[in-house]
Amino acid sequence: MGKRNSQRKNAAMLDSDDDNSSVSSTSTMRSDLMSVSGTEEVQLEKDSLLDEALDALYEKRGSTREKALASIIEAFNSNLQHQFVEKKFATLLHQCLGSMKRGSSREIALASHAIGLLALTVGFGDNAREILDESVTPISQALKAGSESSKTAALLECLAIITFVGGNDPEETERSMEIMWQLVHPKLGSNVVAVKPSATVITAMVSAWSFLLATLDGWRLDPKHWQQFISYFSSLLDKNDRSVRIAAGEALALIFEIGSLEKFSAEANGSSDGSGEGYTPLQGLKGKILNQVRNLSMEAGGKGSAKKDLNNQRNLFKDILEFLMDGYCPETSTKIGGESLKTSTWSQLIQLNFLKHFLGGGFVKHMQENEFLHEVLGFTPKQKYLPSTEHHISSSEKRMFRSPNSVVNKARTQLLNKQRMLSEGRNIGHYAINMGNEEM
C-alpha cells in the first residue's frame with residue numbers, strides 16, 4: 001500500500017493533470033532553477049567585485065590600492081577563486097608585485113599576503129613556479145629596506161608560502177631560508193650597520209624558517225651551520241617575549257627531530273661515529289637547552305602576563321621536554337567539517353600551525369576545498385553536495401548553465417510555458433463556469 005502510494009506520488013510529480021500536483025512539480029522545479037541561478041548570480045557578482053578591486057590596483061592613490069588589496073584578500077580567504085585566477089592570474093600577480101615595489105608599508109604587507117594566497121590557490125604547477133621566480137627578488141629587496149615590523153613579517157610569510165608551493169628543488173628552499181636567516185644575521189660590510197630586529201620580526205623569521213625546514217630533508221643543509229642554528233635558538237629561549245620563546249622552542253624540537261646531536265656533530269666534523277672536536281660543545285648545548293625547556297615548562301605567571309599565553313607556553317615546553325627526554329612527539333587532532341586532521345610529528349605540527357596562522361579565518365574553507373593542501377597535509381575532507389556549495393565550474397558546466405541553449409535555460413523556458421498554459425487553463429475554466437451560470 002505504502003509503496004503504491006509512493007509510486008503514485010512520484011508519478012504525479014512527473015506528469016499529472018491534477019492542478020495541485022502540477023503546482024507542486026512547478027514549485028520544485030522553480031526552486032531547483034532558482035538555486036542554480038542564484039549560485040551563478042552570486043559567483044558572477046563576486047567575480048565582478050574582484051574585477052573592480054583588480055582595476056583599483058592601477059589607481060595612483062595608495063589608500064585606494066590598499067582597500068582593493070584588502071578586498072582581494074578577503075575574497076581569496078572566503079572562497080577558492082579558481083575562475084578568477086584562470087582569467088586574471090598574470091595581471092593580479094604583477095599588480096601585487098607593483099604594490100610591493102612602490103607602496104607604503106601597509107600596502108606591501110597586503111600585497112605580500114595576497115601573493116601568498118594566490119600561490120595557495122593555484123597549487124603545484126607552472127603558475128606557482130612563476131610566482132616564486134617573479135617574487136623572490138622584490139621580496140628580498142623589500143626585506144633589506146627594513147622599516148615596519150608588520151611589513152617585514154608579511155614579507156617573510158609570503159616568501160615561505162611561495163617557496164613551499166612553487167619550489168621544485170631543495171636549493172630553492174635553502175635560498176629562501178638563507179634570505180630569512182640574513183635578516184637577523186646580516187653579512188656586515190663596511191657600509192652596513194646592524195639593526196636589531198624586533199620581537200615581531202624574530203618570531204616571524206623563526207616561524208617561516210622552521211616551516212621551510214619542515215619541508216626539507218635536513219641533511220641537505222651545511223652541517224657546519226647546525227651549531228650556529230642551535231646556539232641562536234637556544235639564546236632566544238632566554239628572551240622576554242613569549243612569542244619569540246615559543247617559536248624558538250618549536251624550531252629546536254624540529255631540529256632535534258631531524259637528527260640527534262651526535263649526528264650533527266659527526267657531520268660537522270666529517271666523522272661517522274659522532275666523535276671528534278665539536279661533539280662536546282654540542283653535548284653541553286643540549287644540557288643547557290634541557291634546563292631552559294624544563295624551566296619554561298614550569299614558568300610562573302608574572303605581572304601582566306596573559307594566563308592563556310602562559311598555559312600555551314607551559315604546554316608546548318612540556319611536550320618539547322618529553323620529546324627531548326623520551327623521544328615522544330605530541331599528537332594532535334583538528335576537526336574540520338566532520339573529519340579529523342591529525343599530526344604525529346613536529347614537522348607536521350609546524351606546517352599545520354603556520355598554514356593555520358597564514359590563512360586565519362579562511363583556514364577551514366581552504367582545508368575543505370583546496371586540493372593542494374589536501375595533498376601536502378594528507379587530509380581527505382568529508383564531501384558535501386549542497387546546492388549552495390561553490391565549486392570550480394568547468395567549460396562544459398559553463399555551457400550547461402550559461403548558454404542560451406543550455407539545459408538550465410531550456411528548462412526555465414519550459415517552466416515558464418507550463419506556467420502560462422496552467423494559467424490560461426484556469427482562466428478558460430473560470431470563463432466556462434461563469435458562462436454556464438449565466439445560461440442557467
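Rings of Phe, Tyr and Trp (its six-membered ring) pair if their centres lie within 6.5 Å; planes under 30 degrees apart count as stacked, over 60 as edge-to-face and the rest as tilted. The model you see is predicted, so local features need pLDDT of at least 70, side-chain atom pairs count only at pLDDT 80 or more, and totals for chains, interfaces and linings use all residues. Residues are numbered from 1 along each chain as its sequence is written, and side-chain values use heavy atoms, with hydrogens and water left out.

**Exercise 1.** Find how many aromatic pairs there are, and classify the pair of Phe76 and Phe84.

*Solution.* Start with the count: the rule gives 14 aromatic pairs. Next, take Phe76 and Phe84: their centres are 6.4 Å apart, with 80° between the planes, and the pair is edge-to-face. Finally, both Phe76 and Phe84 are buried (under 20% relative accessible area; exposed is over 50%, partly exposed in between, with a 1.4 Å probe and protein chains only).

**Exercise 2.** Work out which helices the pair of Phe323 and Trp346 links, and whether each residue is buried or exposed.

*Solution.* First, the geometry: Phe323 and Trp346 are edge-to-face, at 6.2 Å centre to centre and 70° between the planes. Then locate them: Phe323 is in helix 14 (residues 307–326) and Trp346 in helix 15 (residues 346–359), 23 residues apart. Helices here are DSSP runs of H or I with at least four residues, numbered from the N terminus. Last, Phe323 is buried because its relative accessible area is 10%, and Trp346 is buried because its relative accessibility is 0%.

**Exercise 3.** Name the residues in the aromatic cluster that includes Trp181.

Note on methods
Helix = DSSP H or I, 4+ residues; strand = E, 2+ residues; numbered from the N terminus.
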